[in-house]
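I opened the model and went looking for salt bridges.

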Amino acid sequence: MSTIMITLPSLSPTMTEGTIAEWKVKPGDEIESGQVIASIATDKSTVDYESLEEGFLREIILEAGGAAPVGKVIAVFTEEADEDYQADLDAALAEEVANEPEEEVDEDVSDDAPTSSATKAPVSGGAVTATIVPVSAPPAEVPGVGSLSPSAKDIKVSPAARKLAEEKRINLAAVKPATTGDRIVLNDIETLPNGYGASEAQSGSGLVGYVSRASESLSDVPMTQMRQAIANRMVQASAGVPVIYLTTKIEMDRLMDLRAQLNSMEGVRISINDFIVKACGLSLAKFPAMNGAFQGDKIVQFNDIDISVAVSIPDGLITPIVRSADTKGLASISKDVKSLVGKARSNSLSPDEYQGGSFTISNLGMFGAVDSFTAILNPPQSAILAVAGTQEQLKLVNGEVKASKVCKMTITCDHRVIDGALAAEFMNALKDYLETPAKLIV
């Protein structure tokens, strides 16, 4: 006799919790190894879960719609249809409870302690001699954040600098006038990051200014697993990685003409992004040091050029991968991208379709108003290319003014892996491929 506890599997590297989207089987069913028994929503997508065991499904512990941490028991199998499994299940659930981290308890607070912040004085001879109630200190004076508090009235600052400081939530008391020596001017503020000199609360991260609103003017939006994973990874990438940015302008006239010719052929539909994926693949092949990752005491260089393509979906963002992009033709890349985007939007990507990319493209070109932007790295990759919209600009050619379609592209690089000179060579190669697009089809 044997009882098998089915636990919630880890279906992605960042998955800590999952939700049962659907059970494909019901208690009493005989299960074969490799049979899909459930759909599980991870932090990335909804994945079919195949049983590694065979036997009879006796009981579902976590019903459809329920969420649990990875490793929790979600169902029970037995080898035979009539085996008694209750004792084994009780033991497994009891072990889970025993392994749960204990809540921290302030041992200084007893059950009969006053609910206020009062504390008892030392006890002598079994008698309570006094109760000491802390007196609230008067509110501390808070330096102005972009505005003058009483203590900051003596700060000399121009009206324009004060206005910009308010917008950037910069603490004027922390600014040293570098331009004039004794008066803060606009140039001093422009060069400082948002929130400079402000505490966490003052900088806005503590939602100061929002909590004072009436509750009916606020709506809570629950964090999905994907949104939480994105939040964690973006903080990890933006706070812990030294980056450099390089921007170039690329003339898209020839590429758009070639695309129009190709798309006039029956059954062909190539997007501008397909050209960019191909151009990045070939440029990475020229400069393989761009195709790597920092791993503490070493740099890992990827042998394959697998390009992640950022796709916006209702829950957030996911980056399905065009494998071996440097070796594929434009039509093949186009087919891959269409399939991956469709799966991403139907939440049906398998883990191998979005895990393991070596370089990312984030294209906001379809939002015409975006003329340039920078992207945050997609860890553990070392580079991400931000593609803005194509704008018509005038240029001087042999003394004549001509119009040209120009797209700004900005690459963000992990400076621990990629130096500026290498990134510049990569961008030159990318520019050459896109401005001479015939090179992408021969």
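Which side chain meets Asp432 in a salt bridge? I found Lys439, at 2.7 Å from N to O. For my notes, a salt bridge is a side-chain nitrogen of Lys or Arg within 4 Å of a carboxyl oxygen of Asp or Glu.

A word on the ground rules. This is a predicted model, so local features need pLDDT of at least 70 and side-chain atom pairs count only at pLDDT 80 or more, while totals for chains, interfaces and linings use all residues. Residues are numbered from 1 along each chain as its sequence is written, and side-chain values use heavy atoms, with hydrogens and water left out.

Next I looked up accessibility (buried is under 20% relative accessible area, exposed over 50%, partly exposed in between; 1.4 Å probe, protein chains only). Asp432 is partly exposed at 29%, and Lys439 is partly exposed at 36%.

Then I turned to Lys431 and Glu435, whose side chains form a salt bridge at 3.0 Å, N to O. They sit four residues apart in helix H9 (residues 420-435), so about one helical turn separates them. Helices (H or I, at least four residues) and strands (E, at least two) are DSSP runs, numbered from the N terminus. Lys431 is partly exposed at 24%, whereas Glu435 is buried at 19%.

My last pair was Arg323 and Asp306, bridged at 3.4 Å, N to O. This one links distant parts of the chain, 17 residues apart: Arg323 lies in the loop between strand E19 (321-322) and helix H8 (330-345), Asp306 in the loop between strands E15 (298-301) and E16 (307-309). Arg323 is partly exposed at 29%, but Asp306 is buried at 8%.

For the tally, I noted ten salt bridges in the structure.
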